[in-house]
Amino acid sequence: MRQLTFLFFIGIIISFSSCRTDFSTLPSTGKLGFSKDTVYLDTVFSSISSRTYTLKVYNHSKSDINIPSIKLAQGLNSKYRMTVDGMQGNQGKSFENVTLLAKDSLYIFIETTEKSSDANPTDFLYTDQIQFDSGANLQKVELVTLIKDAILLYPKRFNDGTTETLPIGDQKIYGFKLNQNDPVNGNELHFTKHKEYVIYGYAAVPSGKTAIFDAGARVHFHANSGIIVADNASINVNGTASTTTNLENEVIFDGDRIEPDFAEIPGQWSAIWLTDGSTNNSFNHLTIKNATIGMLIQNNDGSTVQIKNTQIYNCTNYGILAQTAKIIGENIAINNTGIASLACNYGGDYSFTHCTFNNNWNSSTQVAVSINNYFIGAVPEVKNLTAATFNNCIIYGSYSNEMILDKKAGAQFEYKFNNCLLKLDYTSNQINSNPLYQFNTDSSHYNAIILNKDPKFLNNNLNKLNIDINSAAFAKGNSSYIIPFDIIGNSRTTPPDLGAYQNMPFPKK
């Protein structure tokens, strides 16, 4: 009998609880609180979805309330969409009778996908508002998005539902060939500064053609996207020195998430890939950010890749990965890479002058520079490293050993470091007993080396590898190797500083 009585009371309690919101909520009185009165959804490209933004709504009263409606002012025509505490509502545009308990809050998640034609033509802003309740109790939160018009480049979709692909060896990847006479975009091989570009998938330069990037061009890559240059094709990046911090004349390759939260996130896109027979490639005043591999250079036709005044930052694997390549590099700055800032593997011919290879990645396995003459599993397994010459360079980073020289017998391994600042743990047996690292006695491979001295970069965490007169790299260069202007166009003095940057006073804090 006691058990039956207990179950009876439990049933009453459950019944009362399940009906409580039906009888005890009060109508909203227009006194909701908000985490912000305007939600800025940062900047998006036309037709590309934004990330998700959050608005928090508070009930500061002591009563449970019912909000009769939460809706977008433009209703079903709005380009914004919402979820309210996980509910989808009417197509993400409106919600009715939303309960908010006393002293509690709810979350609204907001996204948008807009076209440039949706924006105000004078300021490129698209706006709407979230409206809570109506009449005298109406409260509003504004929504604002800046829309950038861009040229979108992507694989064709065919009538059978398949999409265009590119053959890579025995595989096919999501990609397309740039069209010199595209009916919509015109000459897709000529990238200008007049509009920004967004690339989906791998954009391939056709055989015998050259992709040209004018000074000031801005190219954004979607996830798993990049550029492929092969089969007698070329790429020429023709940036010039800028006069302001806006880098107005620099060519910039970056991801397509242009909100501030994504500005320094590595691995947002794939790579610039120079492969199988590419020829006469050149890069000048280029910035590459947030890729998996900044430049992958392999199996080209033996012509020299010219890389000048180029910055590469925040790559999950490599800044430059070269395999049996031929590179002349001047004024290159690379930082923050998961494996190596510069890797010269499987032989090749390399010359780098006034370059700064730093690695500030948070890993004990990363290095700034890695050089070898083999590739395990390849036929042949070793190839000649005919030259790896570094003049007036800085090789540094957050780990104790920032350079690896790895030689296998059976092929050449020629290297030379002239007037360079290097960071290595010379106290370890792995370094001081290795004949490849005899800095003090091996004059055929090392000349005027500065070992383990701090270059005192302006802020390596922010990829600012500038130096001032307090740097160990100040005035330690050899004038025989001088490049007259540094990476940002400043004149070098003699004797020159090491690295890509001429010393300048740091900004006062």
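A pocket here is an open set of grid points with protein on both sides within 12 Å along at least five of seven lines, and its lining residues have an atom within 4 Å of a point. Keep that in mind as we walk through this predicted model.

Start with the largest pocket, which holds about 1,200 Å³ of space. Its lining runs to 44 residues, and if you want to find the centre, look for T245, N246, L247, Q311 and K464, which lie nearest to it. Several strands give two or more residues to this lining: β10 (139-148), β18 (218-221), β21 (251-255), β23 (282-289) and β25 (305-315).

Now move to the second largest pocket, with about 380 Å³ of space. Here 18 residues make up the lining, and L152, Y154, D182, N185 and E188 sit closest to the centre. Two elements, β11 (150-153) and β13 (171-177), each give two or more residues to it, with β11 providing the largest share at 3 residues. Sorted by class, this second lining has 8 nonpolar, 4 polar and 6 charged residues.

Finally, turn to a sheet. Four strands line up as β2-β4-β8-β6 in an open, antiparallel arrangement. β2 (33-34) and β6 (80-84) are at the edges with a single partner strand each, so one side of each has no neighbour in the sheet.

Notes: Residues are numbered from 1 along each chain as its sequence is written. This is a predicted model: local features need pLDDT of at least 70, side-chain atom pairs count only at pLDDT 80 or more; totals for chains, interfaces and linings use all residues. Side-chain values use heavy atoms; hydrogens and water are left out. On a 1 Å grid over the protein atoms alone, a cavity is a set of points where a 1.4 Å probe fits but cannot get out, and a pocket is an open set with protein on both sides within 12 Å along at least five of seven lines; lining residues have an atom within 4 Å of a point. Grid points are joined across faces, edges and corners, and a volume is the space filled by probe spheres set on the points. Ala, Val, Leu, Ile, Met, Phe, Trp, Tyr, Cys and Pro count as nonpolar, Asp, Glu, Lys and Arg as charged, and the others, Gly among them, as polar. Two strands pair if DSSP finds at least two bridges between them.
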